[in-house]
Amino acid sequence: MTTPLSPLAPLGTPLNNDAQRLLLLGSGELGREVALEAVRLGLEVIAVDRYDQAPAMTVAHRRHVIDMLDGAALRKVVEQEKPGLIVPEVEAIATETLVALEAEGWRVIPTARATQLTMNREGIRRLAAEELGLKTSPFRFAGTEAEYLEAIEAIGLPCVVKPIMSSSGKGQSTVRQESEVLTAWKYAGEAGRGKSDRVIVEGFVPFDTEITLLTVRASDGTHFCPPIGHRQEAGDYRESWQPCALHPDTLAACQEMAKAVTDALGGWGLFGVELFIAGEADQPQTVYFSEISPRPHDTGMVTMVSQHQSEFELHVRAIMGLPIGEITLVQPGASAVILAGGKSDHPQYAGLDKALQVPTSKVRLFGKPTAHPNRRMGVALTLGDTIEEAKERAIACAQQVQVIL
């Protein structure tokens, strides 16, 4: 287990010589919220991404546009900016460079090893299933077409095929019949992130619920947010809600599984632990480990309205060495994504006046400079007296916002 990180030195003032700097590697919508919380807590933020005008860049003190898979370019930015915290927020990063930088004394969140393992489905699945003995779906890895066909035969149909490096459902396919096998292999190779052609072939598990258990490792121990339920489509989340009803024994099993894997990864920060739950909520259920992200999770955007401290505030507090205290649920909440229907280099938005007529509603537009079909451009957030009311409101709010192409 990795040695816990030490709290930062006393805070200076952003843009002064004594500033404490946070280097954000990945500047999408999740990175933007991390940047905002970091600025609120007095950090100087430098946003990095592969394209200009990424969402976090519009709220950061400075920005850099580089290929983050280029280790030399990544090192150059680190040595130029001299950050106290290096915070990876996407999968496509030269993780071997992060390992080398950490060995030289730079501080990678939560650790370079955790980043390397979790940004590669093979690394984290082998850790969870083979080293920790956690229950998972059946799986095989493949790096060639021949190995892939052998994996398909071993796992059987239906199954799910994913690149070992991807996010938001990119490159993921559900294969139900023989005619889809080679199409899924080709799509995984085209849409995956990084330099690897390897894929994971996963068998189906009979789950009834899919949850994210946000888990925080901080100076005052390990903390858990109330479980978040979510619905996915094409491997990407569409709605999430908090709390998700679980039997008390099931919740305890989820927390035990999440603590085991986050302890193995080490470091401080928030982790999004994805779990499959099989069985009805009125009795103990079976828990399967799925994936983990060593950073805020897209389904956790609901916490911007449902919790006293959002997942982004929790993450920044933890990585700064600050205490978390009690995590409080304000009220049942829900989120629903706002998607682009087509391609545009200058997207605009309409319908906010109608969207915000929905009771308790909030809208977050991400400010992405371009749109393409089904790209996540914003999110609707709502509260309700019940989960169902919150979900209905979130969906109604999101449907009113139009992305003009």
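Visitor: How far is the sulfur of C244 from the closest cysteine sulfur?
Guide: This is a predicted model, and in it the closest cysteine sulfur to that of C244 belongs to C254, 9.1 Å away. A disulfide needs the two sulfur atoms within 2.5 Å, so this pair is too far apart for a bond.

Visitor: And how many disulfides does the count come to?
Guide: The count is 0 disulfides.

Visitor: Is C244 buried or exposed?
Guide: C244 counts as buried, at 9% relative accessibility. Another cysteine, C159, is buried too, with a relative accessible area of 0%.

Visitor: Changing topic to the backbone. Which residue does a cis peptide bond join to P243?
Guide: That partner is Q242, and omega for the bond is about 0°. P243 itself is in the loop between β12 (236-242) and α8 (248-265). There is also a cis peptide bond between I109 and P110, with omega about -10°.

Visitor: Where is P110 found?
Guide: In the loop that runs between α3 (95-103) and α4 (112-118).

Visitor: Why point these bonds out?
Guide: Because most peptide bonds are trans.

Visitor: OK, what is phi of K82 then?
Guide: Phi of K82 is positive, near 50°, and K82 is not a glycine. K82 sits in the loop between α2 (71-81) and β4 (85-88). With a relative accessible area of 54%, K82 is exposed.

Visitor: What about phi of T360?
Guide: T360 has a positive phi as well, near 65°, again in a residue other than glycine. Its loop lies between α11 (352-355) and β17 (362-365). T360 is partly exposed, with a relative accessible area of 38%.

Visitor: Let's zoom out. What does the domain assignment give?
Guide: It gives domain 1 (21-108), domain 2 (138-203) and domain 3 (209-404). Taken over C-alpha atoms, the centres of domain 1 and domain 2 are 30 Å apart.

Visitor: Where does UniProt place the feature "binding site"?
Guide: The UniProt entry, which is unreviewed, places it at E29, L30, E89, D298, K368, R375 and R376.

Visitor: Take D298. Which residues is D298 in contact with, leaving aside neighbours within four places in sequence?
Guide: D298 is in contact with L30, D236, Y237 and R376. L30 and R376 are also among the positions in that UniProt annotation.

Visitor: Is D298 buried or exposed, by the way?
Guide: Buried, with a relative accessible area of 12%. The cut-off for buried is under 20%, so D298 falls in that class. As for its place in the fold, D298 is in the loop between β14 (286-293) and α9 (303-306).

Visitor: And what is R375 in contact with, again leaving aside neighbours within four places in sequence?
Guide: R375 is in contact with Y51, I338, L339, A340, K368 and T370. K368 is another of the positions in the UniProt record's "binding site" feature.

Visitor: Which atom of T370 lies 2.8 Å from a polar atom of the side chain of R375?
Guide: That is the backbone oxygen of T370.

Visitor: Last one: where is R375, and is R375 buried or exposed?
Guide: R375 is in the loop between β17 and β18 (376-383). R375 is buried, with a relative accessible area of 12%.

Conventions: Residues numbered from 1 in each chain as written. Predicted model: local features only at pLDDT ≥ 70, side-chain atom pairs only at ≥ 80, totals over all residues. Heavy atoms only, no water. Buried < 20%, exposed > 50% of the residue type's maximum accessible area, 1.4 Å probe, protein only. Helix = DSSP H or I, 4+ residues; strand = E, 2+ residues; numbered from the N terminus. Domains from an automatic or database assignment. UniProt positions renumbered as here; feature names shortened; annotations may be inferred. Contact = heavy atoms within 4.5 Å. Polar contact = N/O pair within 3.5 Å; in protein donor to acceptor, adjacent residues only side chain to side chain.
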